[in-house]
Amino acid sequence: MIGWIVGLVVILVIAGGVLGYRMYLKNQLTAQISQYQALVTTTIDEQIKQIGVLNLSGTSLKDFTKWQRTYQQLMETNYQTIKTQLADASEALQRFRFGTVKQNLADSADELTTLTPKLEDIQTRFEQILGTETSNRNQLAEVITQFQEDRKQILAKGFRYGDGLPALEEQAQTINERIGLIEEQNEAGDYKAAKQALAETKDAVDQLSASVEYLPPLVNELLNEFPGQIDEINRGFEQLQQQQYQFPAPAIPERVDMIQTNLENAHQQLVAADLPAMKATNEETAEMIDQIYATLETEMEAKPKVLERQDDLRQFLAHALTQNQRLLRELDHLNQSYTLSHDEMKSGQALEKQLSEIDTEYHQLADRLAAQDVIYSEVLAKFEQWQGDLTAIEKQQVDINTAVAGLKDGEIEANHQQQAFEQVIRDLRRQLEAHELPGLDDAYQDYYQMVAREVNDLGTDLSQVKIDMDAINRQLIQIQTDLDELTTKTQAVIDAAGLTESLMQYANRYKLSRPEVASALTSAQKQYGQFHYQAAADELATALEQVEPGSYQKVETAYLSQKQNALF
């Protein structure tokens, strides 16, 4: 009984598995049938009907025929193959031949994958054919509207185009013929050829529209503005020539001839209705005319400025020459007594040379001005250059004069300093003598003699016929530094000697009771006799501090107090 139940369960499980797999395959089959049916309902057949009524011809007909044939071939081959594969899969499914079903579905899926993009491409091609006809129709209407407006302007206001009118009329006639050809191509169904011709015609209409809009102002420049400006330039030039004006090269008549050549070129470009070329030529002509006006205006403005500044510049130059001669005389005088260490004489001579060159050029130019044989703008530029040069020269003169002006005062001050240094040396000597020291060590005496020699050498240098104040100033700085150091050393010697004497007196109280103090006292007396005052004081201070802490500070305080009282 149990075996029978188990067997039944197994049968049911197997049956359920078979039915489940069959349902899976059926779903796949249903999905592919839906995809296949979507191909049947494609819009391509509708597109073929719509194109059929257009009566295509030429290249448009060739393109349509090519893609229609491709479509028919796909429907007769791939499409029928898919239909057969799906029918076989359906029949095999009914018979539970799952392997056959699976294979047919795989094959039909491959065919669908191949066929679908091909049909989409054909559909796009047909859309382009249909779109070309619509696009051509709309664009042609726009081109005709634009062209008719341009032709209306040409017919109504032809005078505005001067000698360019025949060329514009010829362009309009050509465009009109092209439009007729495009209409014929559209009517014949050759939309592709019509599209290319329409693009070319639109470019031609755009060019015509530009000429209609922009040629009139160019014609006005050519026929009215430029000739009027040339006449004005010629009259102005003649008047200025009568007033003896000169002008820089190229000469005004030559520049006017170049403009006339430009006008002739512009006329030829107008006859050809060559808008870009004529526009460029007119722009160049306008610039050339503006440059001539600028040249005339520049010379007219320069002349009164030149006449106004000429006398001021002459006076400035004369003043600079006078000042430089005085400066050179002063430098020559100072050079006899002082060394001019910064090339003041050389700089002054260089300024003299520069002034002489300016003076020569100025007088030559003044002669030409008197003869009215100058280009005033160039003279004005030269005047402005010289004005700047003279201003710079004047500043250099002041700088040189300032640099040497303090030499005499510096000498007097240096003599005062030298005398003050000698007085300090004498004062230091008197201080040493007042303390009646047994003597001075070699190091101090060497330093003292060095400073004394420096002070003496300074006096010698100041007594020379020709003095180098730069060297003197360096000596003053060095001597002051050395003299400050000597003062410090002198006071140190005096204090060390005085403190040693006080320490010796204080040490006598321990001479008999403390052998170490007695020994230090003996040694200190010996060093004192050898003029080593600081060493003697240090040895005594060390010994006393061991016997009586704080004794050194007590002696030092007493010494300094006594010294302070002595000052008052």
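What follows is a set of questions and answers on folds, contacts and loops.

User: What kind of model is this, and how are residues numbered?

Analyst: This is a predicted model: local features need pLDDT of at least 70, side-chain atom pairs count only at pLDDT 80 or more, and totals for chains, interfaces and linings use all residues. Side-chain values use heavy atoms, with hydrogens and water left out, and residues are numbered from 1 along each chain as its sequence is written.

User: How many helices and strands does the protein have?

Analyst: Helices (H or I, at least four residues) and strands (E, at least two) are DSSP runs, numbered from the N terminus. By that count the protein has zero strands and 16 helices.

User: What share of the residues is buried?

Analyst: Buried means under 20% relative accessible area, exposed over 50%, and partly exposed in between (1.4 Å probe, protein chains only). The protein has 568 residues, and the share that counts as buried is 36%.

User: At what angle do the axes of helix 13 and helix 15 cross?

Analyst: Axes are lines fitted to C-alpha atoms, for helices over the stretch in contact, and angles run from 0 to 180 degrees between N-to-C directions. Helix 13 covers residues 469–507 and helix 15 covers residues 533–547. Their axes come within 8 Å and cross at roughly 35°.

User: How many charged residues are in the contact of helix 13 with helix 15?

Analyst: Contact means heavy atoms within 4.5 Å. By class, the contact has 13 nonpolar residues, two polar and no charged. Here Ala, Val, Leu, Ile, Met, Phe, Trp, Tyr, Cys and Pro count as nonpolar, Asp, Glu, Lys and Arg as charged, and the others, Gly among them, as polar, so the charged count is none.

User: Which class of aromatic pair do Phe237 and Phe247 form?

Analyst: Rings of Phe, Tyr and Trp (its six-membered ring) pair if their centres lie within 6.5 Å; planes under 30 degrees apart count as stacked, over 60 as edge-to-face and the rest as tilted. The whole structure has eight aromatic pairs. Phe237 and Phe247 lie 5.6 Å apart, centre to centre, with 45° between the planes, and their pair is tilted.

User: Where do Phe237 and Phe247 lie in the chain?

Analyst: The two are 10 residues apart, and the pair links distant parts of the chain. Both Phe237 and Phe247 are buried. Phe237 is in helix 6 (residues 191–242), and Phe247 is in the loop between helix 6 and helix 7 (252–271).

User: Which residue does a cis peptide bond join to Ala249?

Analyst: Omega of this bond is about -5°.

User: Is Glu436 buried or exposed?

Analyst: Glu436 is in the loop between helix 11 (407–434) and helix 12 (442–462). Its phi is near 50°, a positive value in a residue other than glycine. At a relative accessible area of 69%, Glu436 is exposed.

User: Which residues is Asp359 in contact with, leaving aside its neighbours within four places in sequence?

Analyst: Asp359 is found in helix 9 (residues 344–370) and is partly exposed at 22% relative accessibility. The C-alpha atoms of Asp359 and Leu317 are separated by 7.1 Å, though the two are 42 residues apart along the chain. The contacts of Asp359 are Leu317 and Leu321.
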